[in-house]
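Please read it with the sequence and the structure side by side.

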Amino acid sequence: MMARLFGCGKFQRLVHERVDRELTGGETRFLSRHRLVCPACRAMESTSAMALDMLRAATLDPAPAPQFDERVIRHWRVRRVRDSIGYWTPALAGAGIACIAIFAALALIGRPTQLKQSDLPGSEAKVFYPGRIFPNLELHESNSFVR
């Protein structure tokens, strides 16, 4: 590997700028003088020119795919529709309805059942009042148990 000379960075910058704009007379003279004394920059310039030629040759495809423009436009239209809220509105509405149905079902399950008089067989309504928890156990009679 050869040592870089003073001005190699400027040379490389000017080689790349030469593609985008026309160089001034002083810049052109600097390139030709530096090219004579720096073999590393000469190699870089030739490699850069070859790569640029390969890119130019690859982009000169005379026959694009049939209906290419229409497919690209259709793709972007579909993407624009999918990004809009109108595309997702039915899904969001369905999710909202499902949430309401789930909450309603949970509310109905958690509510105690209430029987009407007409729902009992023979139209009898009975009310159950719980009495003592242990009706057969009398604490005053079982002193030996409590000790």
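1. Overall architecture. The secondary structure of this chain amounts to six helices and zero strands, and, read along the sequence, these elements follow the pattern α-α-α-α-α-α. Please keep in mind throughout that this is a predicted model.

2. Of the 147 residues in the chain, 10% are buried. Among contacts between residues at least 6 apart in sequence, 42% join residues that are at least 24 apart.

3. The largest nonpolar core. In general, nonpolar side chains tend to be buried together in soluble globular proteins. Here the largest nonpolar core has 10 residues, namely C8, F11, L14, V15, L23, F30, L31, C38, C41 and M44. The elements that contribute two or more residues to this core are α1 (8-20), α2 (25-37) and α3 (39-58), and α1 gives the most, with four residues.

4. C41 and its partners. Leaving aside residues up to four places away in sequence, C41 touches C8, F11 and H34. Of these residues, C8 and F11 are listed, together with C41 itself, in the largest nonpolar core.

5. Packing of α2 against α3. Two packed helices are described by the angle between their axes and the distance between the axes. For α2 and α3 the angle is about 115°, and the axes are 6 Å apart. The residues that meet are H34, R35, L36 and V37 from α2 and P39, C41, R42 and E45 from α3; by class, this contact comprises four nonpolar, one polar and three charged residues.

6. Aromatic rings. The count of aromatic pairs comes to zero, where a pair requires ring centres within 6.5 Å.

7. Q12. The C-alpha atoms of Q12 and L31, which are 19 residues apart along the chain, are separated by 9.2 Å.

How values were computed. Residues numbered from 1 in each chain as written. Predicted model: local features only at pLDDT ≥ 70, side-chain atom pairs only at ≥ 80, totals over all residues. Heavy atoms only, no water. Phe/Tyr/Trp six-rings, centres within 6.5 Å; stacked < 30°, edge-to-face > 60°. Core = buried A, V, L, I, M, F, W, Y, C linked by side-chain atoms within 4.5 Å. Buried < 20%, exposed > 50% of the residue type's maximum accessible area, 1.4 Å probe, protein only. Contact = heavy atoms within 4.5 Å. Axes fitted to C-alpha atoms, helices over the stretch in contact; angles between N-to-C directions. Nonpolar A, V, L, I, M, F, W, Y, C, P; charged D, E, K, R; others polar.
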